Amino acid sequence: MIPNPFGFSYSDDIDISEMEQSIARLKRPQGRIDVVLDTDTFNEVDDQFALAYLLQSEDRLNLKAIYAAPFDNHHSNGPKDGMERSYEEIFRVLAMLKKSQYEECTYKGAEQFLDSEETPAVSVAAEHLCSLAMEYTKEDPLYVIAIAACTNIASALLMKPEIKDRIFVVWLGGLSLDWHDNFSFNAKQDVAAARVLLGSGVPLVLLPGRGVVDHFSTTGPELEYWLRGKNEFCDYIIDKTRHEAEIVSGETCWSRPISDVTAVAWLLDTSFMLDRLEPSPIMEYDHHYAKDKRRHFIRYVYSINRDRLMKDLFDKLASI
């Protein structure tokens, strides 16, 4: 039998009761639930869409905390700078949404990615998640919406492994299991963190980027038609999306995935996407998947109802 630090074990003789329990814990929640959001908000534009969508869904999602996550791309000078810029962007978005009450529960995350699968990147965000999660139970978990490199989440699991029985994670990370590699932005930045999360046994919904949630994309004319002039946030995010498209694609005719919205949407409505049970994949350091069918199950999203979800998003953003 091969143990791991989280107490989840694998052997040739699979414990059926353990497997049944892991599947039972993957049910979509009913009613209003407590959530936290882990976000690299300044990374591009979809995090801002996701944060606004979450806060316009308060009838179902009770936001307890926002964690700024590290990132490193053309909008930052490294993971610490990316986290700091994301932290500042959260406050800008909250101001535009007139949701300043959430400023007091917004926390800075890790300043670096994990050095190893054994050592956490300690931060205020990870410490807060450890403390908050202990207020919940296996039957009534805290839902963690993770739309960045999962450094903060993995660090909390390493710092306090027992929270794996008190949280439920919805993570947008990796690429489709059918894709030829796994070179995704959220996963490739911190492979160690992805391996910790996927190996922990925590109830997990995986929303892969390329090949699945990248289908949830919008265009300039669509944004102009549905959102222009509705409110300050809508005008801001339209202009920011157009600018990002100019930077990234440079095409006259462009579209932009706003994929992070789908992680929020999974918790809201069964009609927005399709998922299935899969053994938790193993993210390797060469940016490919490895598979072991003895691993615990996760929920794997494989299709998005783009038009239905986009309509709900636009309706909620226009009503700010």
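The mean positions of the 34 positive and 52 negative charges of the chain lie 4 Å apart. Lys and Arg count as positive, Asp and Glu as negative, with His and the chain ends not counted. Each charge is placed at NZ of Lys, CZ of Arg, CG of Asp or CD of Glu.

This is a predicted model, in which local features need pLDDT of at least 70, side-chain atom pairs count only at pLDDT 80 or more, and totals for chains, interfaces and linings use all residues. Residues are numbered from 1 along each chain as its sequence is written, and side-chain values use heavy atoms, leaving out hydrogens and water.

The chain has 11 helices and 12 strands. These are DSSP runs, numbered from the N terminus: helices are H or I of at least four residues, strands E of at least two. Of the 320 residues, 58% are buried, meaning under 20% relative accessible area with a 1.4 Å probe, protein chains only.

Strand S6 (residues 204–207) is covered on both faces. Leu 204 and Leu 206 are buried on one side, Val 205 and Leu 207 on the other. In a regular strand, side chains alternate between the two faces of the sheet.

| Strand paired with S6 | Sense | Bridges |
|---|---|---|
| S5 (residues 167–172) | parallel | four |
| S12 (residues 297–304) | parallel | two |

Leu 172 stands opposite Leu 207 of S6. Val 205 has Arg 299 in S12 as its bridge partner.

How values were computed
Buried means under 20% relative accessible area, exposed over 50%, partly exposed in between (1.4 Å probe, protein chains only). Two strands pair if DSSP finds at least two bridges between them.
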